[in-house]
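Here is a friendly walk through one structure, with an eye on how its chains meet. Have the sequence and the 3D view open as you read.

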Amino acid sequence: MAEEEDNECQELCQKLQIVSIDMKFTEEEYYPKDSFDRYGDDLCEEILSYLSLEDCFRFECLSKQWQRLVFKSQVCLNVDEVVRKLIIRIDIKSRSEWFAKINWEALESMGKKLPNITSIDININLLSSIVTENNEILLKNLTHFRYPYETSDGNLLPAFVDHYKNSLKSFSIVFNWDLMSAEEYIHVLSLTSQMKGMRELSVPLNGTNVWEHNINSHTIHSIVHYHCEEFVNQWPHLKRYRLHLLCKTDPQVRRVYESANRMIGLRRLEFMFETPLDLIGHKVLVTPKSLSPLKRLTHLSICLRNGVLDETLLDSIDTHYVLSRTHTELNKD
Amino acid sequence: MNGEYSLDTTEGMAASGDPPTNNAVDDYDAEEALERQREEENKIKIKLKSFEGGVYECGLTAAKMSVMVANMLDALQETDLTKIATREPIPLQNDAVTNKALEKIVEWVDHHWDDPPIDPDFDDEKERRNEELSHWDKQFIDIADQGELFDIIAAANFMDIKGLVEVGAKHICNKIKGKSCTEVREMLKIHNDFTPEEEAAIHKENEWIYAKD
C-alpha cells in the first residue's frame with residue numbers, strides 16, 4: 001500500500017516536472033533571460049525602489065510595469081533631488097536675495113503619483129503648498145515633517161493639524177523669534193499639540209546670533225512660562241522632545257529643565273539653552289534627580305550656551321538609579 | 001530523503017523576535033556568545049543543489065543568510081547540527097538557480113556570513129538605502145553576461161537573501177542612473193508596451209522635471 005502511494009507520488013512528481021519545463025519554454029519565448037521583463041512585480045518594485053526620484057519620473061514611460069511600480073516604494077522627499085524643481089526661484093537683482101515660490105502644478109502631480117511619501121525634509125516653507133487655499137491637503141500620508149514656520153501660515157495650520165491629528169509621527173517646526181510674538185508662538189504650539197499621534201517634536205530656533213536681535217524680556221518670559229506650565233501638560237504623548245530655547249537667567253533654565261519631568265513618556269530629551277553673555281562662568285545647577293519621574297528616558301542631552309553646568313550633575317548621574325543607563329551628553333561650553 | 005525538506009515558513013525565525021534585554025552588559029555577552037556560535041556553525045558545511053543539478057558546498061551560517069534555506073533547516077528540527085553535513089544536498093527548485101548563479105551566490109554568502117547584524121536601535125532604512133556598495137560587492141556584481149546577472153538576482157530573491165538582492169538592485173539602478181529611456185530599454189531589453197500617444201501623455205505630465213533651473 002505504502003509502495004503504491006510512493007509510486008503515485010513519483011509519477012506525479014515527474015508530471016509536475018514536465019509541466020514546469022513546458023512553462024519555462026513558453027516563458028522564455030516571451031521573456032529572454034537577459035530581459036528585465038522576466039521579473040515579476042514584487043522583485044521589479046524592490047529593484048526600482050533604489051532609483052532616485054528624478055530617475056523615477058524619467059523612467060515612468062519605459063513600460064506599463066515600470067509605470068505601475070516605479071513610484072510605489074518612494075517614501076521620502078529630499079531637498080537635493082526633485083524638490084528643488086518644485087521651487088521657482090525669483091531673483092531680485094537689486095537686492096541680494098531671492099524669494100522661493102512653489103510650482104503648484106508640479107506639486108499636485110507629485111502628490112498624485114507618489115501616494116506613499118511619508119517624509120519631507122525641506123528648508124523652505126512648504127505648508128502653504130501642502131494645504132491649498134481651500135484647505136485641501138495635497139500630500140496626505142506624511143509621517144515626518146520639518147519646516148520653518150512663517151506668520152502667514154496661521155490660517156493654514158488648522159487644516160493641516162486636523163488632517164494629521166492621528167497620523168503625523170514626527171514634526172519639527174523652526175521658529176524665528178524676532179519675527180513673531182510670544183502669543184503666536186504659544187498659539188502655534190498649542191494648536192499642534194492636538195496632533196495626538198505625534199511621538200517626536202523638535203522646536204529649533206532659526207539663526208545663530210539670536211541675542212543680536214534684541215528679543216525683549218517679556219517675550220522670553222512668556223515663552224519660558226508657557227513651556228513650564230502649559231506645554232508639558234499638552235504633550236503627554238511625546239517620546240522624543242528637542243527644544244532650543246532662549247533663557248535670560250539661570251532660574252529660567254532650571255525651571256524649563258525641571259518642568260520636563262511631567263512628560264513621563266519621554267525616551268529622549270534634548271535641551272539647548274541660549275543664555276546671554278553675562279551668564280559666562282555662571283554655574284547652573286541642574287540635577288538628574290528632578291528628572292527621576294521619566295522612567296523610560298534613555299537619552300539626555302543638555303547644551304548650555306555661555307553658562308556652565310554644575311559638575312555635580314555628572315557625579316550624581318553615576319549614583320542615580322534611573323539615569324544610570326542613560327546616555328548623557330553634556331556640553332559645557 | 002529529499003521529501004523532508006519543506007518550505008514551511010511558520011516555523012523557525014523565532015529567535016529574532018525575542019524581547020531585547022535592557023542590561024548593556026548582558027547584551028554584550030550575549031552578542032559575543034552568538035558570534036562564537038555563528039563561527040562554530042559556519043565550520044559545518046552543507047550542500048546546496050542547483051536547479052540544473054550542480055552541488056555546491058557552503059558554511060552553515062552562510063547558507064542561513066538565505067531565509068528560505070534557514071527555514072528548511074529549522075523544519076528538520078535536527079539537534080545535532082553536524083548531521084546536517086551528511087544529509088542529501090538541499091534542492092533549490094527554481095529555474096533561476098542555475099549552476100553559475102548558485103556558484104556566485106555561495107561565493108557571496110561565504111564572504112558576507114560574518115556581517116554584523118542590523119542594530120535595531122540605529123536602524124536607519126533611509127541611510128542604508130543610500131549607502132554605496134562596497135568595493136568587493138561592486139566587483140562581485142559587475143557581471144558582463146546580463147542573463148547571468150538577472151539569474152543571480154532572481155535566484156537570490158527566490159532564496160530570500162535580502163542583502164544580495166539589494167546589491168543587485170543597487171547595481172542595476174547605478175547602471176541606468178541618468179540615462180535616457182531609449183538607452184535603458186535597449187540595455188535592460190524592456191519591451192515598450194505603450195502606444196505613442198500614451199507615452200506622450202506621460203511626458204507631458206512630467207514636463208516640469210526636465211525644465212532647467
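How much area do chain A and chain B bury between them, and what share of it is on carbon and sulfur atoms? The two chains bury about 3900 Å², 61% of it on carbon and sulfur atoms; buried area is the accessible area (1.4 Å probe) that two parts lose on being put together, summed over both. A:Tyr50, A:Cys61 and A:Leu62 supply 18% of the area that chain A buries against chain B, more than any other three residues.

A word on the ground rules: this is a predicted model, where local features need pLDDT of at least 70 and side-chain atom pairs count only at pLDDT 80 or more, while totals for chains, interfaces and linings use all residues. Residues are numbered from 1 along each chain as its sequence is written, chains are lettered from A and ligands numbered from 1 in the order in which they are written, and side-chain values use heavy atoms, leaving out hydrogens and water.

Here is the interface in brief, with contact meaning heavy atoms within 4.5 Å, a salt bridge meaning a side-chain nitrogen of Lys or Arg within 4 Å of a carboxyl oxygen of Asp or Glu.

| Interface of chain A and chain B | Value |
|---|---|
| Residues in contact | 36 residues of chain A, 45 residues of chain B |
| Salt bridges | 4 salt bridges |

By class, the chain A side that touches chain B has 16 nonpolar, 7 polar and 13 charged residues (Ala, Val, Leu, Ile, Met, Phe, Trp, Tyr, Cys and Pro count as nonpolar, Asp, Glu, Lys and Arg as charged, the others, Gly among them, as polar).

A:Arg38 forms a salt bridge with B:Asp151, with the closest N and O atoms 2.7 Å apart. Over all chains, the whole structure has 17 salt bridges. A:Arg38 lies in the loop between helix H1 (2–30) and H2 of chain A and B:Asp151 in helix H8 of chain B, so this pair joins two chains. Helices here are DSSP runs (H or I, at least four residues), numbered from the N terminus.

B:Asp151 in H8(B) is also among the residues that meet H5(B), whose part of the contact includes B:Lys100 and B:Lys104.
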